[in-house]
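Visitor: I would like to learn how to read a ligand site and some ring contacts. Please take me through them one at a time.

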Amino acid sequence: MLAPSPWTTPHPSPPPAYISSPPPAFPPQEDLVPTVASLSDIYSATDIPHQSVRWSSLQERFRALYDRDISFVARTPGRVNLIGEHIDYSWFPVLPMAIPHDVLVAVAIIPSTDPASDGRIILSNVQAVKYPTRVFSTDDFTDPFFAIPTSQHIDWSAYFLAGLKGALTFSRLCATDASPLPTMRILVDGEVPTCAGLSASSALVCSSLLAVLSTITTPIIEKSFLVNSAVISERALGVNSGGMDQAASVFAVRDHALLIDFRPLVSAKPVRVLDTVPRLCFVVANSLVSVSNRTETGPDRYNIRFVETTLAAEILAREYSVGRLEIRDGFGGTLRGFYDKICERNGWTMGDRESEERAVKEVVVKIRQTFSKDKYSLDEIAKMLGISTEDMLRKYTTRFPIRAKYLNLRDRAEHVIEESFRCKCFSSLLASLTTNLRALSASESTPYFDALGELMNASQQSGSSKFECSCPEINELCRIAQKYGASGSRITGTGWGGCIISLVRADRVNDVIDGLKREYYASRHPEISQINDVVFPITPANGAVLSKVNGFQL
Ligand code: GLA
């Protein structure tokens, strides 16, 4: 049975992205961040008992803390990436889904007529000891270009401030009628595990941005606008990002993964992952190797990969004279830019898996011919670009600094090109599986599970050897998950620690979880009391919402 090709499946027309022009007067409903009226609009039936307790406790704590009711809650989830790792900043599509763990930013707006209006924004967290209360004056933010302290240790409030800064900047650019910041009382409740590569910080930036935007502009906020603004907001923390986390958090649809594309504009195509027979299940396992925040580790890790892939694209474009590449975010060309151009020039027409596979192989050959070594000094790279080392460093390493003497352009570029193909194959298989599988028996479905699993394993292999973003603990987790029946396992998110995601047949989920508990956690982390918080099955969750608390159904 041939899987429908993601290259021929009609893609929904991308929503309009605008940074410098106002939103259209009446965007279609599905393009807007929804305002919901009940927990069942947000969560699945199995999550509602827990969420109901959590939301009512949030309301009580808010009242106890601030002596008033919540005006509204901005909520955005974390995400897990199924496949397509470290390719979003090369503009290739990725396939994440939102997880049920989310961040709630509860807000009370105090109007200037209220005697309690004191020009302060009080920011508290339900985990008050870990995340102490911070108090700001609205006067601190009269200039939307205010600086956020991002030295060695980054305070939790910096993520809120990044969202606030983004809201002020974009409301100035887009809305002529933005109001000044009012007095606000805020209580944050985040359940996305931190330092686990599940995008806890992006979820906090995104929900803070959504909260402040809807305070100073209007609750009618276009999803693509929120995504673009959130990506730029995070840069205020010195963090570069490809946009996957924010897009997953905002566009997510319950029971669906999302095929997120970044060209010509950011857009998301939901791919249903439930309803298959046997069911596709996903298990997340946290290595408990902390993915430290990227403001601190970026110069040694994420930023280097960003620079390596950009320089590889620029050099390949020069070497094969494909013309100037479109510049991503004022930074440099992308590997997708090069790939599209070289395919077009050689007439490698796309539209089916075979021709795309051929094109990927051809491009990999070109990468190997161009970069004969795995390590180049900065001087050598500048020479290949035809510019001085000083100019190269100024252009590519000023905005997001790196600490490196040598760069590996060959292996990074190969990973990106091959991973993009794996991601397309995976989403195409998934789409055909969920469309056709109802009619298939369990044994007929096995080749699908095997094929999806193999793609995930190949992704892990490449992430580990070519992109070097894995670590021994992650490799060990993947090995154990497969030993106990996972069809495929791989690192998810930024990497160098954090979580793995495994694809598991429903009847093997308990085996895999028990195997991981016995062979990884019992020996390495006997101290863990809440084991179900570090290894758990997940189903895809809904994306960003606003909820007015008055009349909200708990
Ligand atoms: C981080 C970034 C994303 C993406 C992943 C790796 O999560 O924020 O944009 O690049 O790493 O796939």
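**Ligand site and aromatic pairs**

Guide: We can begin with one polar contact, a pair of N or O atoms within 3.5 Å. Here a backbone N or O atom of G242 is 2.9 Å from an oxygen atom of the ligand. The model is predicted: local features need pLDDT of at least 70, side-chain atom pairs count only at pLDDT 80 or more, and totals for chains, interfaces and linings use all residues. Residues are numbered from 1 along each chain as its sequence is written, and side-chain values use heavy atoms, with hydrogens and water left out.

Visitor: Which polar side-chain atom lies 2.6 Å from an oxygen atom of the ligand?

Guide: That atom belongs to Y302. In the side chain of D88, an N or O atom is 2.5 Å from a ligand oxygen. On its own the ligand has 310 Å² of accessible area (Shrake-Rupley method, 1.4 Å probe), and the protein covers 100% of that.

Visitor: How many aromatic pairs does a search of the whole structure find?

Guide: Rings of Phe, Tyr and Trp (its six-membered ring) pair if their centres lie within 6.5 Å; planes under 30 degrees apart are stacked, over 60 edge-to-face, the rest tilted. The search gives 13 pairs. F141 and F146 are tilted because their planes stand at 55 degrees, with centres 4.8 Å apart. F371 and Y376 are edge-to-face, at 6.2 Å and 70 degrees.

Visitor: Is F371 buried or exposed?

Guide: Buried means under 20% relative accessible area, exposed over 50%, partly exposed in between (1.4 Å probe, protein chains only). F371 is at 0%, so F371 is buried. Y376 is buried at 6%.

Technical notes:
A polar contact is a pair of N or O atoms within 3.5 Å; within protein, one must be able to donate a hydrogen and the other to accept it, and residues adjacent in sequence count only if both atoms are side-chain atoms.
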